[in-house]
Amino acid sequence: MKKRAGFLLLLIAGYMFVSAQVQSPETFLGYKPGAQYTPHFKIINYFNHVAAAAPAMVRLQPYGQTNEGRPLIAAFISLGENITNLENIRKNNLRLANMAMDKAAPVENTPVIVWLSYNVHGNEASSSEAAMLTLYELVNPSNTKTKEWLKNTVVVIDPCVNPDGRDRYVNWFNSVAGKNYNPRLDAREHREPWPGGRTNHYNFDLNRDWAWQTQFESQQRLKLYQQWFPQIHVDYHEQGIDAPYYFAPAAQPYHEAITSWQRDFQVSIGKNNATYFDANGWLFFTKEIFDLYYPSYGDTYPIYNGAIGMTYEQGGGPASGLGVYKKEGDTLTLTDRLMHHYTTGLSTIEISAKNADRLIREYRKFFNDAVSTGTGAYKTYIIKKKEGDAQRIAALTELLDKNNIQYGSAKGNAKGYNYFTGKEEAFTIAEDDIAISNIQPKSTLLSVLFEPKSKLVDSATYDITAWAVPYVYGLTAYAVKEKMSITGSYIKEQPAQNAAVSAYGYVIPWEGVQSAKVVAQLMQKGVKLRFAAAGFEINGTSFKAGAIIILKTSNGALADHLWTLVAASCNEQNLKAYPVSSGFVDKGYDFGSEHVKYMKAPKIALVTGQGVNANAAGEVWFFIERELNYPVTLINANDLNRANWNDIDVLILPDGRYSFLNNKDFPDLKNWISKGGKLIAMENAVAQLAGLDGGIKFKKEDDDTDKQDLYAALKKFSDHDREFISSSTPGSIYKVQLDSSHPLAFGYPGYYYTLKMDDHVYEFINDGWNVGVIKKDNLVAGFVGSELKKKLNDGLIYGVQDIGSGNIVYLADDVLFRNFWQNGKLMFCNALFLVGQ
């Protein structure tokens, strides 16, 4: 005991000496926090300074970098023995969660882990300023309270989740602000230009990417997060200028998987925060607006992984600058905003430290329940592996791996909910089907991601209400209420080993994004391609419409390199290429038929800039450039009049409002299309075309006047916030019937699951092709208002209109939604590469 006491005294003495050298943010930066925005590199410099000056308390861990090369770091802060024992604390925490690789028993007398994530939205910039203050107060020798908390707490600070977005905003603001800030809202420093700093480099909202992990920042952050799985996680945000501060408890709807303990402790945290806000006379609100439902937020994802997850929202955002007049006449400053975030940060650490023992016990119980009984009604999920599903299956297993969800194989007969038919049905489990037991550590997350039907206690949600993974990936699946034995590991597809064999040609099945990646790669290497407009059979193998055909006779310029290029590209994407010795097929059309179409490598332009939904443009940009690895030219809408139209084959209009889509300018656009151009219109761009002469038309409202209850017109003022709900959908899943003979639908089994985000549905096209239509009672999952439900039937969602030698492709719903809607990616590739060839 004496030796241990002496050791502690030495640690404390060393801490006091070294920490005395730690500079405050004001001293280090040369200005008082809140006086100006701090560029990301200076934030990193300050964290490095504190870690170097207080090594007994702070450990920095770089975990990656952004698209633009900025570092991503996390700081681990605690007292002496906790810091030196950090790796053992981490391993023990995984044992508590039943996720450790070893079989050692966990210790419950262990520090609680509080993780604070700042600045996920780059232009909500006050929180990174607060992160520096919070770090300093945790190591500040004169702050005895924080040292008491750190005895049984490890605090993790991620000072900036989105450095690219933050610097985009901060650099812009610093370039336009004057010597003194101007609080007038009409001053230019409050009018951030497109695309704004909210999103990352590719205009993705990182706060909606936790479960899907489509972005580099998310993938790297979640890899670190899943090595720790904290008990507390806070995500820092900003909202409108005139809004007071928001903190937990959250609003309804709470997902039913959230435990009573998680709900109750949110209240405890909220009350502790309120104590400090009341003492300072600061306004706040709770239990409104920000619900706990959609699984990919910075509050819900941690909750579904055993933590107390929360969003904290400060009034302000990009329009507030360094200071701005509020409606009530007060001035909201950056100093105000960062101090509020700083206060909730310390308050959350305090209440967590005081309840560390209970937090650890309940955390342990959460995961013990997961591996003993599981969460929700369904205990097993079976993913059927059908012909043509290999690429979708590969994408699904990648998602499961990212989230550490265990899966394997099973066999026998079962009865379960068929996601396609919506009915309980008997089925047989094949050897190569995927079996996922819900009796596992990730039970809660799994049950939420796979839930067939959304259960809502309140339809006023902050985000989409349906996301069941089988629909996202377009796979046949069953949810089974009985626990089934997982008999073995799931054997993934073996890597393709195509040999560069000289042949008459090769055939590559068109079944998913990997096929499109091969096409994109070969096109850039000068390989001439064809595709089959109808199914065929050759050498005993059947190929569906869309199959890619590569012939030696068309690629003489590549000589002997052709097959080496084809084999290498297919091997890289794990696709089998089928060599053929003749263009004579056993069934269908021969390779010289007009039903085998030449594929021209398209020159693609994407419209961006003012009026365009930045997130929507980012989805297209990211998918083409990062996933397909194909060139795309980004042209601002205001510069289209200067574009070289002879150098554009495909023009993409993502969701937005386009000033040139009017009856005056539309004929010029149609003239370009008629000469062979292809216009891909998405979401609201389709709606704008529907208002023009010669475009498609909105579906007319069903006339049910005689059936209306006249008293429904007598509205209550108290319901004014909810009036829109009956005519809206915040994100529901519909089954779309496809014309699988059209190139826009190649690779699909005659149906498609679409995510409906609006009330837009269109009349059938008379002079074109109605490729994807919603029929009556096609709602699969999610909330749809009673009035809108009547409208969303017997209408067009996806179609193609032929104009001269060109086409307009109508994609009324977002087929690339947040890049996680995997089932839509092939349709977008069809629009790019196959339609109109």
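In the predicted model, V518, Q521 and L522 of helix α17 (residues 513-524) are in contact with L565, V566, S569, C570 and E572 of helix α18 (residues 561-572), where contact denotes heavy atoms within 4.5 Å, and where helices (H or I, at least four residues) and strands (E, at least two) are DSSP runs numbered from the N terminus. By class, this contact of α17 with α18 comprises five nonpolar, two polar and one charged residues, with Ala, Val, Leu, Ile, Met, Phe, Trp, Tyr, Cys and Pro counted as nonpolar, Asp, Glu, Lys and Arg as charged, and the others, Gly among them, as polar. The axes of α17 and α18 come within 9 Å and cross at roughly 145 degrees; axes are lines fitted to C-alpha atoms, for helices over the stretch in contact, and angles run from 0 to 180 degrees between N-to-C directions. The crossing of α17 with α18 is right-handed, a crossing being left-handed if the near helix is turned anticlockwise from the far one by less than a right angle, and right-handed if clockwise.

Because the model is predicted, local features need pLDDT of at least 70 and side-chain atom pairs count only at pLDDT 80 or more, whereas totals for chains, interfaces and linings use all residues. Residues are numbered from 1 along each chain as its sequence is written, and side-chain values use heavy atoms, with hydrogens and water left out.

Helix α10 passes α12 in a right-handed crossing. On the α10 side the contact involves F265, S268, I269, N272, N273, Y276 and F277, and these meet H340, T343, T344, S347, T348, E350 and I351 in α12; by class, the contact has five nonpolar, eight polar and one charged residues.

Two further helices were compared with their expected spans, the expected span being 1.5 Å times one less than the number of residues. The 17 residues of α13 (residues 356-372) reach 24 Å from the first C-alpha to the last, close to the 24 Å expected. Buried residues (under 20% relative accessible area, with exposed meaning over 50% and partly exposed in between, for a 1.4 Å probe and protein chains only) in α3 are H40, I43, I44, Y46, F47, H49, V50, A51 and A53. In α13, the buried residues are A356, L359, I360, E362, Y363, R364, F366, F367 and A370, and α13 is followed by G374, whose phi is positive, near 75 degrees.

Individual buried positions were examined next. T397, in helix α14 (residues 390-402), is buried with a relative accessible area of 5% and, not counting residues up to four places away in sequence, touches Y407, I434, Y490 and K492. A637 lies in the loop between β28 (633-636) and β29 (650-653) and is buried, with a relative accessible area of 15%. Leaving aside neighbours within four places in sequence, A637 is in contact with V607, T608, Q610 and F660; A637 and F660 are 23 residues apart in sequence, and their C-alpha atoms are 8.3 Å apart in space. H742, in the loop between β31 (732-738) and β32 (751-756), is buried at a relative accessible area of 10% and touches W769, V771, V800 and V835, again not counting residues up to four places away in sequence.

Most residues other than glycine have a negative phi, and most peptide bonds are trans. N98, although not a glycine, has a positive phi of about 60 degrees; N98 is located in the loop between α5 (86-96) and β3 (112-117) and is partly exposed, with a relative accessible area of 27%. Phi of K287 is likewise positive, near 60 degrees, and K287, in the loop between β8 (284-285) and β9 (291-292), is exposed with a relative accessible area of 55%. A cis peptide bond with omega of about 10 degrees joins A248 and P249, the latter lying in the loop between β6 (245-246) and β7 (251-254). Another cis peptide bond, with omega of about 10 degrees, joins Q252 and P253, and P253 is found in strand β7.
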